[in-house]
Amino acid sequence: MKLFPRRSTLAAIALAAAGLLPSGAPIALAQGKTTITFAGVTFTEAGRGDRLRSWVDKYNKSQDKIEVQTIGLPFATFANTMFTQMGGGGGPDIIRFDTIDFYAAVPAGRVLPFDDYIKDSDYKFSAPNDYLKVNGKRYGVAFEISNYVMMYNPALLKDGKVPATFDELLAIAKSASGGGNFGYAYRATMAERNGFWQDLCNFVFGFGGRWGDGTNLTLNSPKVIEGVAAYKRMYDSGAIPRGADAATYRRMFWEGKVAIEIDNGGVAGIFNQQAPNLQFLAAPSPFPTRAQGLILAPLTVNANTKNKDAAFAFVKWALQPENQKDLQDILGASSVATVVPRSADDLAKKPWLKIYDDQTPNAVPQLVAGFEVRTPELQQIIIEQVLKVLQGGMDPKKAMDEAQELAVAKMKK
Amino acid sequence: MTALPTPLRISAVVLLLALAGFPFYWMFVTSLTPSSDLFASTPNFLPKWGEAGVYREAFEKIPVATWLLNSLIVAGGTTFLSLAIALFPAYALSRFKFTGKGVIGLSLFATQMLPEAMLVVPLYALFGQLKILNTLTALILANTAFTVPVVVWILKGAIDGVPEEIEEAARIDGCSQAGLVWCIVLPLIAPTLAAAAVIAFFHGWNEYVFAQTLVSSESLRTASVGLAGFVGELSTPIHTVMSIAMIYTVPAIIFYLFVQKYVVSGMTAGGVKG
């Protein structure tokens, strides 16, 4: 009995043999150039990814010694993949991390200090760059700094009324819901842990709460509990598309199905580029205080790199004023490492830009003050407890008391 | 046993087909649904053929063909290597008596108890030393390591069912030991070989963790990783994802149809004894 036709068998063998041969040099050395790799989630983003690759290509065209290859990876598995590769002694030369992953990478010795290559005095760094110093040493510069404000679709708001307080937000979100539309959207699932954390921080910070005071944990302080309770009130309001992930509800906002979001400037930039007909506006988030979270995505250099000089040469190029301006234009309503003023033309065309920029003095990194490097561990505890409130109906005070107890015990280890 | 009446049988078949086929149909319809209709309160159940350009764009603007070829090489390589490596241990476990046979057999299964995520760091370091990171070779080897134990046990079961008298007759006729396996046993267990090939192929085709971690070059990306890349932090182009997912399923379905008749006979082989 013949299992496969002879030709097919040969083809299968040839196919397998083709795969067994090395299919590409790990780091290609083309024409004597040092090729380094630069990984980031943003390279996969529709609307921004291609423009960011062009920005890197501009560098490549200006060089005859170094070539930077971009690697775009999915957001959901980015940090895991990076830490796996770094743990195995490899990984990309340059990595665009999220803040929380940066604070996991630094104490683990996974990223290089910048001080031998980048002098603060040579650049006009914006204030949030200071958060990228650990124990006085700089381990990264901001690739993207993005504030959170309230974005809304005026066409979906009854009488065009924009909420100025949380109670108004709740009422307006409820009234804008129905018929397949939702009044508000945020994340509330463990599957989107980092995003959930960002959204939760906005509520807690907005109500005046902080996870730590610089010395002690304050997870069960009255203001934190107020923020968590508000998160729960919104969850129970029926105004949110429960379970929808961020990519989905942002698309819904884009398609005129969600009225209000509190979201970062990168999202505003994508809406502006990808959905030019969407007439959205921005306003300060309607909480008792103006404090909101801050996306701070640092550019870091992998401690495993064998091309340290080439990696830092690219970072220096990225920090040049002209290249910073180009990067800021690509990133939408986000800012970059150095202070780059917006053009009058841009501000006139995109009125929401000013709202995002004005938020900067009130922006707070989504870290636990005083426990920055242990934020990932604390985040896990807090998120688990908040899920008990949202899905298990636990009293917010009881949940955060438990969180405090668990976190204090954890920090002693 | 009384057969079901014809209308009932037809209804049952239609129901089963609908249950199995609807997810694919829904994926297809979604791929042809304009973004503006994706979140309509009344879902659209019929494909909008005017949107079929999304499939052309998948090949023109996105390296889907390269991804599929890479997946095909990885899945094909995994299948070939798994079968080639597993055949002889399976024969040895089935036919020979030796010390530690049971332990060796069970220890093969022990490798299946570890999740891929746990093994990916040591494998990454090992392949780094071997200088095969960022090659499809690395993926084929990693996947093969996972499929070989399963394939060994499947083939062992099939070889157990081959009467030893046939081999003895061949041996008397002067057949060598290797010739016995190649000329006598292999054709007799061909249906089971096909079933094992399906398992190995689908493992290689669907695998994600290794493909994401061991390969970084975008030109060597497999379809499973390429597809996941569309699920962005800020947005996900749903109809693009659905169209590529549809394209992604086609080669796997073709492979299955190709070996399906052998698989069926392989599954039933040995069902009746005596």
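Predicted model: local features only at pLDDT ≥ 70, side-chain atom pairs only at ≥ 80, totals over all residues.
**The interface**

Select chains A and B together. Contacts join 46 residues of chain B to 54 residues of chain A. About 4,200 Å² is buried between the two chains, and carbon and sulfur atoms give 64% of that area.

Next, select B:E218 and A:R53. These two residues form a salt bridge, with their closest N and O atoms 3.2 Å apart.

Now color the side of chain B that touches chain A. Helices that each supply at least two residues to this side include α4 (64-95), α7 (136-160) and α13 (238-268) of chain B. The largest share, 6 residues, comes from α4(B). By residue type, this side of chain B has 27 nonpolar, 16 polar and 3 charged residues.

**Aromatic pairs in chain A**

Over all chains, the structure holds 45 aromatic pairs. Select A:F114 and A:F312: their ring centres are 5.0 Å apart and their planes stand at 85 degrees, so the pair is edge-to-face. A:F114 sits in the loop between α4 (99-105) and β4 (133-134) of chain A, and A:F312 in helix α10 (residues 308-318), so the pair ties together parts 198 residues apart in sequence. A:F114 is buried, at 0% relative accessibility, and A:F312 is buried at 0% as well.

Move on to A:F203 and A:Y231. With ring centres 4.9 Å apart and planes at 80 degrees, this pair is edge-to-face. A:F203 belongs to helix α6 (residues 193-206) of chain A and A:Y231 to helix α7 (residues 222-236) of chain A. Both A:F203 and A:Y231 are buried.

How values were computed:
Residues numbered from 1 in each chain as written. Chains lettered and ligands numbered in written order. Heavy atoms only, no water. Contact = heavy atoms within 4.5 Å. Buried area = accessible area lost by both parts, 1.4 Å probe. Salt bridge = Lys/Arg side-chain N within 4 Å of Asp/Glu carboxyl O. Helix = DSSP H or I, 4+ residues; strand = E, 2+ residues; numbered from the N terminus. Nonpolar A, V, L, I, M, F, W, Y, C, P; charged D, E, K, R; others polar. Phe/Tyr/Trp six-rings, centres within 6.5 Å; stacked < 30°, edge-to-face > 60°. Buried < 20%, exposed > 50% of the residue type's maximum accessible area, 1.4 Å probe, protein only.
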